[in-house]
Amino acid sequence: MMMTSLVRKAVSPLGPGAEWENAQWRNAEEISLENRIGDDSGHRPGVRVKMLYDDKAIAGIFRVEDRYVVGRTTGDQQPVCQDSCVEFFVHPAGDPRYYNFEMSCTGNLLLYHITDCRGEIFDKMPQRELDRIVRKSSLPRRVEPEIADPVTWEMSFYIPVDFFVRNSRISPALAGQVWRANFTKCADDSSHPHWLTWVPLSRRDFHLPLEFGEIIFSEK
């Protein structure tokens, strides 16, 4: 049975950088990442996600109850999955390719437009596109040494609708559209590596678009 989630339309215009308890997220559906994949260290952070949309943007926020947090990358398009990292994989309807919005705990973004990741058939999105995607972390720009004690951190993101209009040729009217997606969490090079996902996957590989769930942009 395919997992689904509603992305509701915001009751007022979305703003980038809103925190988890902000009234902006009041009517958002909450998703939990409950599925472990692969052999990990046993560390299982609590990870929740909320998403909304309006006529201008798709916005979301991760809240992570974590330990062993590290953020060593220094900029975009670096291997952020080695840091404590949250990810939004999304396959817009009608696009033969999908995106991997991979965000380190410090706000760095890795983003490709992918046909076959393991076959290295993808386009690396240019920095001018990444600069228009707002990310806000509750942590500093660098986390080194690792934070071993319990810490709760947030990562919000704000993606202009016209990013998908230009790159995926979607209709800007999102209401009623059904896309494929997954939400994931990892920390490959922390002292306690782990891999969590919203949708159960058949192996430890987040790049399995045929196994993604559905996100449905509701009318209201």
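In what follows, Ala, Val, Leu, Ile, Met, Phe, Trp, Tyr, Cys and Pro count as nonpolar, Asp, Glu, Lys and Arg as charged, and the others, Gly among them, as polar. The structure is a predicted model, in which local features need pLDDT of at least 70 and side-chain atom pairs count only at pLDDT 80 or more, while totals for chains, interfaces and linings use all residues. Residues are numbered from 1 along each chain as its sequence is written, and side-chain values use heavy atoms, with hydrogens and water left out.

The protein contains two helices and 17 strands; helices (H or I, at least four residues) and strands (E, at least two) are DSSP runs, numbered from the N terminus. Its radius of gyration, taken over C-alpha atoms, is 16 Å, close to the 17 Å that the globule rule (2.2 Å times the number of residues to the power 0.38) gives for 220 residues, so the protein is as compact as a globular protein of that length.

Two kinds of space are considered next. On a 1 Å grid over the protein atoms alone, a cavity is a set of points where a 1.4 Å probe fits but cannot get out, whereas a pocket is an open set with protein on both sides within 12 Å along at least five of seven lines; lining residues have an atom within 4 Å of a point. Grid points are joined across faces, edges and corners, and a volume is the space filled by probe spheres set on the points.

The largest pocket holds about 320 Å³ of space. Its lining comprises 20 residues, of which Cys81, Glu102, Cys117, Arg118 and His207 are the closest to its centre. Strand E7 (85–91) and strand E8 (98–104) each give two or more residues to this lining. By class, the pocket lining has twelve nonpolar, two polar and six charged residues.

One cavity of 30 Å³ or more is found in the whole structure. The largest cavity holds about 50 Å³, and its lining includes Ser5, Glu29, Lys50 and Phe183. That lining has six nonpolar, one polar and two charged residues.

The structure holds zero disulfides, a disulfide being a pair of cysteine sulfur atoms within 2.5 Å.
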